[in-house]
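Subject: Handover of a protein structure

Dear colleague,

Please find below the sequence and structure that I am handing over to you. My findings follow directly after them.

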Amino acid sequence: MLAILLFFIACTIGAQAPTPAEEFSTTPELSASNFLAYPNPLGRLTPPPPGMRPFYLSHYGRHGSRYMSKIKDYEYALEVLSQGAKEGKLTLLGESVLMRVKRMQAEAADRWGDLTPLGGQQQRDITRRMVENYPEIFTKHTHIEAHSTLIPRCVLSMSHFVRQLALMRPDLDVEFDATHYDMYYLNLQDKSLIKEAVASKAKQTYDDFCSRHQCWQRVVGSLFNDTAYVKQHVDGEQLNRYLFRLAGSLQNTKLAKEFTLYDIFTTSELLENWRMENVFWYLGYSFSSVNGGRQPYTQRNLLRKIIEQADSCIRQPHTNVHLRFGHETMVLPLVCLMGLNGYDADIDNLDELDQRGWVNYRVFCMGCNVQLVFYRRHAGDQDVMLKVLLNENEARLPIQSKTAPYYRWNEVRDFYLNRLNSYQDSKVEEDTTTVHSNK
């Protein structure tokens, strides 16, 4: 089913992307937002300008597929449905859903937030394609540096990545680490900006949007046989939300081969549930004026690090690779900060968000990644060019280029440094502990 994504997920220049409603009708898994399992990339890469060869690759990626992070993610729906069963208030569909949720909870028990087998495979596949697409970079003279946040699923993702490198190129010089020392750029938590993201205006805007898009009545009504019981004992909005997220997360586990939870939702209900998630992520991580218009600057240290390391490696005659592993709460604002595919837009009307192309699952699926691939003609060439890949698909930058998707590094560097230098905060509060979103 995910093969359909080979066309849908790409944001190609000049192409008219299908709407989320059209996509959900054929591939409901897309509505899972950040729970979407990593799709295969298009596989079509534009040849570089004549004489240009890749010599350096810089990467930041999210861990692969995981179980949901908290026990409540599974047990809320389990408790509500179990109580309904005891009272004899479930329909046949409700009893079926209860059994499916029980199986999901049992599989994930004591694995909250852990990498699933699929998550490890995703990282190995990304590695394989990287080496196959850029063999000039991965030679016996190449030095590989890999760094991860301290969360086990990120460390394991890095391990799968490095293991695949070793299998394909055993003569590579590989160095990898996971230490608090790197948290200032791998997973910066800026308390000042976080306060803006959850300020009363942003929260009220989100609540108002959700109140206009509630769609739980039919779903919950199909699970219970007593409307009075539902009204008195069931928070239908909450139950619907937990079931929707369970439906999305299922694709990351082995149980996805046995059953689904998407059968309890119509396409229009998937769309409305997803829209609430999409707005949540937009208000929390984009350049939206509602949240102060500065949230992507949470990744200013990461982007500066990427620029600094690129400048250093450009001066070296041999090839290098920098690999970094973290979370979607870094990838999404990094994409917004870089303005990839227009994700730096400030969109006033939230009801037009997906129509304007701000669609979260096209950015931060499980295993999502940003790759910067650098090209030059020879070791002394100062006219370095850059191509950026988002989830291994060529991305557009907010810079004019007659050779897009290839851009001159000096122009890209200056653009991003100007954007970074424009950020001013007289009282910056930073917490570099590895705090991550359950979203």
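At 7% relative accessibility, Glu392 counts as buried, where buried means under 20% relative accessible area, exposed means over 50%, and partly exposed lies in between (1.4 Å probe, protein chains only). Glu392 is placed in the loop between S7 and S8; helices (H or I, at least four residues) and strands (E, at least two) are DSSP runs, numbered from the N terminus. Although Glu392 is not a glycine, its phi is positive, at about 75°.

Please note that this is a predicted model, in which local features need pLDDT of at least 70, side-chain atom pairs count only at pLDDT 80 or more, and totals for chains, interfaces and linings use all residues. Residues are numbered from 1 along each chain as its sequence is written, and side-chain values use heavy atoms, with hydrogens and water left out.

Asn391 lies in the loop between strand S7 (385-390) and S8. Asn391 is not a glycine either, yet it has a positive phi of about 55°. With 5% relative accessibility, Asn391 counts as buried.

The peptide bond that joins Ala404 and Pro405 is cis, with omega at about 15°.

I now turn to the protein as a whole. Its secondary structure comprises 16 helices and 10 strands. The radius of gyration is 22 Å, close to the 22 Å that the globule rule gives for 439 residues, so the protein is as compact as a globular protein of that length. Here the radius is taken over C-alpha atoms, and the rule is 2.2 Å times the number of residues to the power 0.38. Along the principal axes, the C-alpha atoms fill a box of roughly 75 × 45 × 40 Å. Of the 439 residues, 58% are buried.

How many residues does the largest nonpolar core have? It has 131 residues, and those with the most contacts inside it are Phe224, Leu243, Val370 and Phe374. Helix H13 (residues 267-285) gives the most to this core, namely 9 residues. A nonpolar core is a set of buried Ala, Val, Leu, Ile, Met, Phe, Trp, Tyr and Cys residues joined through side-chain atoms within 4.5 Å. In soluble globular proteins, nonpolar side chains tend to be buried together.

Contact means heavy atoms within 4.5 Å. Apart from neighbours within four places in sequence, the contacts of Phe374 include Arg53, Tyr56, Ile314, Met385 and Trp409. Among contacts between residues at least 6 apart in sequence, 81% join residues at least 24 apart.

Two further residues may be set side by side. Gln122 belongs to helix H5 (residues 117-133) and, at 5% relative accessibility, counts as buried. Leaving aside neighbours within four places in sequence, Gln122 is in contact with Ala37, Tyr38, Gly64, Ser65 and Met366. Thr260, by contrast, counts as partly exposed at 33% relative accessibility, and its place is in the loop between helix H12 (236-249) and H13. Not counting residues up to four places away in sequence, Thr260 touches Arg100 and Leu250. Thr260 and Ala247 are 13 residues apart in sequence, and their C-alpha atoms are 6.8 Å apart in space.

Yours sincerely,
Your colleague
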